[in-house]
Every structure is written in C-alpha cells, then in structure tokens.
Amino acid sequence: VQIHLNVNGFVLPVGQLGPEFLILRDPAEHPPAEGEIVMSIDGRERRWNVYLPEGISPHRTRTKLA
C-alpha cells in the first residue's frame, strides 16, 4: 500500500490515514488548502479530494482532514 497527499504541487508521503486525519511521514509547514489523497494497492489507484482546514504543521502529529 502506498499513500501520498498532493497539495499545491507538493507530493507528501502519508504514514497513516484515519477517518478525519492523516499522519505525514515528513510534515512541513503549509497553510489551509485543498489537496488530493492518492492510494495505490496492488497497482490499483484511488484518488479523492480533501480539505486541510488547519493546514500542515511539523509541530502537530496529526493533520486534520475535512
């Protein structure tokens, strides 16, 4: 399984995905924005749009999704 978050041209690897949050492997600083989660399982890819209402911060473990 491979999961990453696309946000404003950045591709960020996801370590864990929950129902309303994700945990990035290497979080960076990013303001609130729309993004896209891409999940690939055995070569089959699924994509869906998300909103990051609190943005991304290296000081928070979880990144909230809406």
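Reader: Is His30 buried or exposed?

Author: Welcome! This is a predicted model in which local features need pLDDT of at least 70, side-chain atom pairs count only at pLDDT 80 or more, and totals for chains, interfaces and linings use all residues. Residues are numbered from 1 along each chain as its sequence is written, and side-chain values use heavy atoms, with hydrogens and water left out. Buried means under 20% relative accessible area, exposed over 50% and partly exposed in between, with a 1.4 Å probe and protein chains only. His30 has a relative accessible area of 11%, so His30 is buried.

Reader: Where does His30 lie?

Author: Strands here are DSSP runs (E, at least two residues), helices are runs of H or I with at least four, and both are numbered from the N terminus. By that numbering, His30 lies in the loop between strand 3 and strand 4.

Reader: Which residues is His30 in contact with, leaving aside neighbours within four places in sequence?

Author: Contact means heavy atoms within 4.5 Å. Leaving aside those neighbours, His30 is in contact with Val7, Asn8, Phe10, Gly55 and Ile56.

Reader: What is the length of the polar contact that joins the side chains of His30 and Asn8?

Author: A polar contact is a pair of N or O atoms within 3.5 Å; within protein, one must be able to donate a hydrogen and the other to accept it, and residues adjacent in sequence count only if both atoms are side-chain atoms. For the side chains of His30 and Asn8, the value is 3.2 Å.

Reader: Is Asn8 buried or exposed?

Author: Asn8 is found in the loop between strand 1 and strand 2. The relative accessible area of Asn8 is 56%, so this residue counts as exposed.

Reader: What phi does Asn8 take in the hairpin of strand 1 and strand 2?

Author: Two strands pair if DSSP finds at least two bridges between them. Strand 1 and strand 2 run antiparallel and are joined by 4 bridges, and Asn6 stands opposite Val11 in strand 2. The hairpin has 2 residues between the strands, and Asn8 takes a positive phi near 50 degrees.

Reader: What is the relative accessible area of Asp42, which also has a positive phi?

Author: Phi of Asp42 is near 50 degrees, a positive value in a residue other than glycine. Asp42 is found in the loop between strand 4 and strand 5. Asp42 is exposed, with a relative accessible area of 78%.

Reader: Which residue in strand 3 is the bridge partner of Leu17?

Author: Leu17 lies in strand 2. Strand 2 and strand 3 pair in the antiparallel sense over 3 bridges, forming a hairpin with 3 residues between them. Across this pairing, the bridge partner of Leu17 is Leu22.

Reader: How far apart in space are Leu17 and Ile37, C-alpha to C-alpha?

Author: Leu17 is partly exposed, at a relative accessible area of 29%. Not counting residues up to four places away in sequence, Leu17 touches Ile3, Leu22, Ile37, Trp48 and Leu65. Leu17 and Ile37 are 20 residues apart in sequence, and their C-alpha separation in space is 9.6 Å.

Reader: How many residues does the largest nonpolar core have?

Author: A nonpolar core is a set of buried Ala, Val, Leu, Ile, Met, Phe, Trp, Tyr and Cys residues joined through side-chain atoms within 4.5 Å. In soluble globular proteins, nonpolar side chains tend to be buried together. Residues with the most contacts inside the largest core here include Leu5, Leu22 and Ile37, and its size is 14 residues.

Reader: Which elements give two or more residues to this core?

Author: They are strand 1 (2-7), strand 2 (10-17), strand 3 (21-24), strand 4 (33-41) and strand 5 (44-52).

Reader: What is the relative accessible area of Thr63?

Author: Thr63 lies in strand 6 (residues 63-64). Beyond residues up to four places away in sequence, Thr63 touches several others, among them Leu22, Leu24, Leu52 and Ile56. Thr63 is buried, with a relative accessible area of 2%.

Reader: To step back, which pattern does the chain follow along the sequence?

Author: The chain has 0 helices and 6 strands. Read along the sequence, the pattern is β-β-β-β-β-β.
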